[in-house]
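Visitor: I'm new here and would like to learn how to read a few features. Could you walk me through them?

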Amino acid sequence: SSSPSPSSSSFNPPFNAEGKKQRVYRKIAALIPNATAADVAAHDVWFTRCRALQRRYRSYMDSWTRDRCHFLEDVKDLLDEQSQFLITAAATAVDRLTHEIKRERVRNEFSELRAKAEAKDAVAAAAAAAVAEENAKRLAAMAADAKIEAALKKEQLAIYRHELELRRKEEEEQLADLAAEQERQAAVAAVKNQFRVDVRKAAFQAKVESQQEQVKKKKEEEEAKQRRLDRLRALVAPEVPVDPTRVVAATENSAAAAAATAAATAAALDELAAGESKHMGQAFAAVHGYRVDEIYKDSRMQIQEALQRHGLHRTEAGRKAIAAAQTATTTRIDNLTTDQIGLGIY
């Protein structure tokens, strides 16, 4: 004999998550040949650990890739800055060396001019000495005549003053020429330096504009991405009616189970009354799914399993190969991901 099942609609046990999980394990084990609830529970634990391990591995790889990209960008910026500094230092050193060479050349020219002036002064002094000696002889001869002596002295003074004036004019002309040459060289250097400054300012301005353009482009891309995400969120937003009784209401499975249990109980009572022994009916509605051999007929599962054996299923090429594989049956386009739609898999 058999008694009515405690899972009928007239029995409402308290909620027990662990017990419910065990009942689900037993029901799943009943659908799999040669499987027990312990096997199903062990498979569930193994699957949960594998998923957690895969998520942790993916998180580590994403973090490593992000840190590597940041490091390469920092190294590139540092190398660019160092190269710019070396170029600037080299240009400054060349300018300083050119200035020193020009300064040394001017110093040599000034020394040559000074030597020439000293030689000319020596010649003039010798000439003046000769004139003075001659005048001294003349004065000695004409010592008696005071007027002649005074005239000679006046003449010597005029000659000396004239020579001094000529010498002063020559020195002023030389100094003026030297100052004009220095001013001309300074003007040429100023024009060259101004051209370099203008070129560097233009390069810096172009770099700033390029950076601003990149920031603007990135901002526009982010805004377009956000708009696409908003549209997708609007498309997939769930529409759930406001009904608090849905929380405690019966689901399709539980309703089917209750109906099946009631029907089975009634049939069992009828069979007992008729004196017949038959098996109880199914507790749940029919379950539709796929067997393992049917799942592995799909080319995507075969490709994914082959890539997993070699550790390539998480690479870019591996993901594209899995996404590009044809399915066993044609699926609706709303079941595909964005990458699959982009590859034309539909």
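Guide: Let's start with asparagine 34, in the loop between α1 (17–31) and α2 (37–141). Helices are DSSP runs of H or I, at least four residues, numbered from the N terminus. This is a predicted model, where local features need pLDDT of at least 70, side-chain atom pairs count only at pLDDT 80 or more, and totals for chains, interfaces and linings use all residues. Residues are numbered from 1 along each chain as its sequence is written, and side-chain values use heavy atoms, leaving out hydrogens and water.

Visitor: What is the phi of asparagine 34?

Guide: Most residues other than glycine have a negative phi. Asparagine 34 has a positive one, near 55 degrees.

Visitor: Is asparagine 34 buried or exposed?

Guide: Buried means under 20% relative accessible area, exposed over 50%, and partly exposed in between (1.4 Å probe, protein chains only). Asparagine 34 is exposed, at 82%.

Visitor: How many disulfides does the count come to?

Guide: A disulfide is a pair of cysteine sulfur atoms within 2.5 Å, and by this rule the count is 0. Cysteine 50 is partly exposed at 24% relative accessibility, and cysteine 69 is partly exposed at 38%.

Visitor: Which residues form a positive surface patch?

Guide: Patches take residues with over 30% relative accessible area and no salt bridge, joining like charges within 9 Å. A salt bridge is a side-chain nitrogen of Lys or Arg within 4 Å of a carboxyl oxygen of Asp or Glu. Here, Lys20, Arg23, Arg26 and Lys27 form a positive patch. Arginine 26 lies in helix α1 and is partly exposed, at 46%.

Methods. Helices (H or I, at least four residues) and strands (E, at least two) are DSSP runs, numbered from the N terminus. Patches are made of residues with over 30% relative accessible area and no salt bridge: like charges are joined within 9 Å, nonpolar side chains (Val, Leu, Ile, Met, Phe, Trp, Tyr) within 5 Å. Accessible areas come from the Shrake-Rupley method with a 1.4 Å probe; for residues, only the protein chains shown count as cover. Lys and Arg count as positive and Asp and Glu as negative; His and the chain ends are not counted. The place of a charge is taken as NZ of Lys, CZ of Arg, CG of Asp or CD of Glu.
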